[in-house]
Amino acid sequence: MQSRRPTQEEADEQHFGISVVGRYFRQSIHLQTFTTDVKQQIDELDDHRPYFTYWATFVQTVIFVVSVAVYGIAPFGFGVHYDSKTISLSNMAREQRTRGEKANIWVGPRQADLIHLGAKYSPCMRVDAQIQAAIQRDLVEENTTACCVRNDGSGCVQRVQSQCKILSTWKKWGRNDSKLVAPDGRTSGTVCGQDPSYCIRPASAEPFAWPDSIIDWPLCEKTKRPNHSVTSGRDRHMSCEIVGRPCCHGIQGECTITTLEHCDLLRGFFHPEAYLCAQVNCFEQICGMIPFAVEKRPDQFYRLWTSLFLHGGLFHLAVTIVFQMLIMRDMEKLTGAIRMAIIYIGSGIAGNLASCTFLPYQVEAGPSGSQFGVLACLLVEVLQSYQMYKRPHIAILKLVGPICALFVLGLLPWFDNWAHLFGFFWGFLLAFSVMPYVSFGTFDRHRKIVTIVVALGAAIGLFIILVIIFYVAPLTECAACSYFTCVPFTAGLCDDSHVNLKSRQTYSAFYN
């Protein structure tokens, strides 16, 4: 007995080939394609519950609430927000200092706080030549410093000679100073509060004698006090009151010797137990998360995954929730939780990896690559079942148009078109590989099997290529790459999305 051809209403009830976007654009179904075999395949498809969509949205919401509760909210608006405050500095004076930080249009955490939470930031994921060179220049300059002691005995701080002002004495070993005896003929130093002759643990004794270079000194855990009075003037770098300690601040491993009050203004990490910037690992502390496996060698590759669950602000999170509840949830009903998780996380990781490669110094968070991967699923859904549509080219154009418009929107600041592009392309390949499909005959079934193999191989190959570029041939200087994600239609339009790398700034830049 011949089966009855389904009506248009019955066809619309089927989830396959008719997503929420398809229903919104009123895609017309070609009813003649609903043969007995096709209808049987559609009936055998499961109608899944969108568990992954609900889980991802819940986790993203909780992480945002916790991040705001712990770190607070950055200044709202555009450009740079300046905060002025009168503070005590290491020169024993009280002065008004100003700190500038980027505003956040999304109403969310600060840039440095997003890094600490696990946002995408290439220097925390690999050894960055430019940043490491800048840190090394700081160390070279710090090796020329000595203890700058106030003549009235009011305090001392580690400084280069040019920063040791009047009414102070620069206690440098190797100079003609009868009251300053260099142990073992050393020429590097002194250091305020630390001296190999006074350190008990770890002691400087052969074969473990401290090197001449102060930046290679260990952190002294126990020190004996000088056995002479403060008024004698001998070894005053060991008897003076230290008024400046290392402070890690910024997002590029910057360190300065300053006061706690100044460090708080800089929103930095103060180290009261250390004497030199060389004795603290600022960059690892600024990155946060899990400590590096090898000291001073960034390896936080997992940021490609963690950044998918972070958001730049409340508005950013709202866009994600609307997208996932409106589009992704409906798509998961067709694909299932496991397939959707593969597409969502895989597209997001690939998009973040591309963004890290082409925009290594931009701090970004959010699942924009994942969302474009889900949009790619809509297009693949139409392509895999184009025989079902009366006008498949119209159905494709109705999807491609809005997607292209979103890419054009990505040319404005605060959007990452590299993540969009590679997330979409990766999602396109994964969708062909894992999404369920209906075959329209033997030839169509064989064609789709070959497509699955080719798409999966291309997805793996693309990821390997991106990893090789990221680690082997990193693009640390690609000015043109930024134009794909932000075109400066007006002067200063893209300033909020750019990071000025302080690769030429040296150790004494923040001295006061």
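Begin by selecting R267, which is partly exposed, with a relative accessible area of 40% (buried means under 20%, exposed over 50% and partly exposed in between, with a 1.4 Å probe and protein chains only). R267 has a positive phi of about 55 degrees although it is not a glycine, and it sits in the loop between α8 (260-265) and β10 (269-270); helices (H or I, at least four residues) and strands (E, at least two) are DSSP runs, numbered from the N terminus.

The model is predicted, so local features need pLDDT of at least 70 and side-chain atom pairs count only at pLDDT 80 or more, while totals for chains, interfaces and linings use all residues. Residues are numbered from 1 along each chain as its sequence is written, and side-chain values use heavy atoms, with hydrogens and water left out.

Next, select L167, another residue that is not a glycine but has a positive phi, here about 70 degrees. L167 belongs to the loop between β4 (156-159) and β5 (168-171) and counts as exposed at 57% relative accessibility.

Move on to the loop between β6 (199-201) and β7 (222-223), where P202 is found; a cis peptide bond joins R201 and P202, with omega about 0 degrees. P207 lies in the loop between β6 and β7, and the peptide bond from E206 to P207 is cis, with omega near 5 degrees.

Now colour the chain by pLDDT, the predictor's confidence in each residue, from 0 to 100. The chain averages 83, and 83% of the residues score at least 70. Among the elements, helix α4 (residues 51-71) has the highest mean pLDDT (96) and helix α1 (residues 8-12) the lowest (47). Over residues 8-18 the pLDDT is below 50. Where pLDDT is low, the predicted coordinates should not be read in detail.

Then select helix α12 (residues 337-358) and helix α15 (residues 417-434), which pack at an angle of about 150 degrees with their axes 7 Å apart; axes are lines fitted to C-alpha atoms, for helices over the stretch in contact, and angles run from 0 to 180 degrees between N-to-C directions. Residues in contact (heavy atoms within 4.5 Å) include I342, G346 and F358 in α12, and W418, F422 and L430 in α15.

Finish at F52, which, not counting residues up to four places away in sequence, touches M328, E332, A337, M340, A341, Y344 and I345.
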